[in-house]
Amino acid sequence: MLFAAAKLGAIFLPINYRLAAPEVAYLLADSDADVFAWSGRDLYRPGETVRLSALLRDFDGKPIKPQPLFVTLKQPDGRQFAQAKLEPKELGYFDWSRTVPEDAPTGKWQVEFRLDPAAKDATQSLTVRVEE
């Protein structure tokens, strides 16, 4: 099946047959866009600036229609530290930065990206550490 799909230029997306119909529907509906996010580093000191980049792409890695991206930075205790609505730049590129206060708590900070600001689950997330 995989070789036939590749020869046709099609994409083969196996779905777990044990999932209930609503779960399969969610997976298929959710597969139209993905956030590819990164930071130049994953370790920061209090007082330094966290710089993030992201691309919004379809499941083939191709740019999709420009739309805003919502980012939330959470402290190690889960409290929201910063939130922003990002507008896409050329080629669907997003960038965002935030300075971590000198007295910031150390530990794992969570960065969450959402296409819908009201969505419970993040489309993509990554972790950065703040340590002395």
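This is a predicted model: local features need pLDDT of at least 70, side-chain atom pairs count only at pLDDT 80 or more; totals for chains, interfaces and linings use all residues.
Strand pairing was examined first. Strands of a sheet pair through backbone hydrogen bonds, either parallel or antiparallel. Here, an open sheet of 3 strands was found, with the order β1-β3-β6. Its pairing is antiparallel. β1 and β6 are the edge strands, and each pairs on one side only. From one strand to the next, the twist averages 20 degrees. The antiparallel pairing of β3 with β6 runs over 7 bridges. Within it, Val50 stands opposite Arg98 of β6. The antiparallel pairing of β1 with β3 runs over 6 bridges. There, Val35 faces Leu56 of β3 as its opposite residue.

The nonpolar core was considered next. In soluble globular proteins, nonpolar side chains tend to be buried together. The largest nonpolar core of this model holds 23 residues. Leu52, Val71, Trp96, Val111 and Phe113 touch the most other members. Six elements are listed as giving two or more residues to this core: β3 (49-57), β4 (69-74), β5 (80-86), β6 (93-99), β7 (107-114) and β8 (124-130). The most comes from β3, which gives 4 residues. β3 also pairs with β1 and with β6 in the sheet.

Trp96 was followed in more detail. Neighbours within four places in sequence were left aside. Its remaining contacts are Val50, Arg51, Leu52, Val71, Leu73, Ala82, Ala84 and Leu86. Among them, Leu52 and Val71 are, like Trp96, listed with the core members that touch the most others.

Aromatic rings were then compared across the whole structure. A pair of aromatic rings is described by the distance of the centres and the angle of the planes. The search finds 2 aromatic pairs. One is formed by Trp38 and Tyr93 and is tilted. Its centres lie 6.5 Å apart, with 50 degrees between the planes. Trp38 sits in strand β1 and Tyr93 in strand β6, so the pair links distant parts of the chain, 55 residues apart. Trp38 counts as partly exposed because its relative accessibility is 38%. Tyr93, at 29% relative accessibility, is also partly exposed. The other pair, Phe81 and Trp109, is edge-to-face. The distance is 5.3 Å centre to centre, and the planes stand at 80 degrees. Phe81 belongs to strand β5 and Trp109 to strand β7, so this pair ties together parts that are 28 residues apart in sequence. How accessible are its two partners, Phe81 and Trp109? Phe81 is partly exposed, at 27% relative accessibility. Trp109 is buried, at 1%.

Is Ser39 buried or exposed? Ser39 counts as buried because its relative accessibility is 18%, and buried means under 20%. Two polar contacts involve its side chain. The side chain of Ser39 comes to 2.7 Å from the backbone oxygen of Arg41. A further polar contact, of 2.5 Å, connects the side chains of Ser39 and Tyr44. With neighbours within four places in sequence set aside, Ser39 is in contact with Tyr44, Arg51 and Leu52.

Key: Residues are numbered from 1 along each chain as its sequence is written. Side-chain values use heavy atoms; hydrogens and water are left out. A nonpolar core is a set of buried Ala, Val, Leu, Ile, Met, Phe, Trp, Tyr and Cys residues joined through side-chain atoms within 4.5 Å. Buried means under 20% relative accessible area, exposed over 50%, partly exposed in between (1.4 Å probe, protein chains only). Contact means heavy atoms within 4.5 Å. A polar contact is a pair of N or O atoms within 3.5 Å; within protein, one must be able to donate a hydrogen and the other to accept it, and residues adjacent in sequence count only if both atoms are side-chain atoms. Rings of Phe, Tyr and Trp (its six-membered ring) pair if their centres lie within 6.5 Å; planes under 30 degrees apart count as stacked, over 60 as edge-to-face and the rest as tilted. Two strands pair if DSSP finds at least two bridges between them. Axes are lines fitted to C-alpha atoms, for helices over the stretch in contact, and angles run from 0 to 180 degrees between N-to-C directions.
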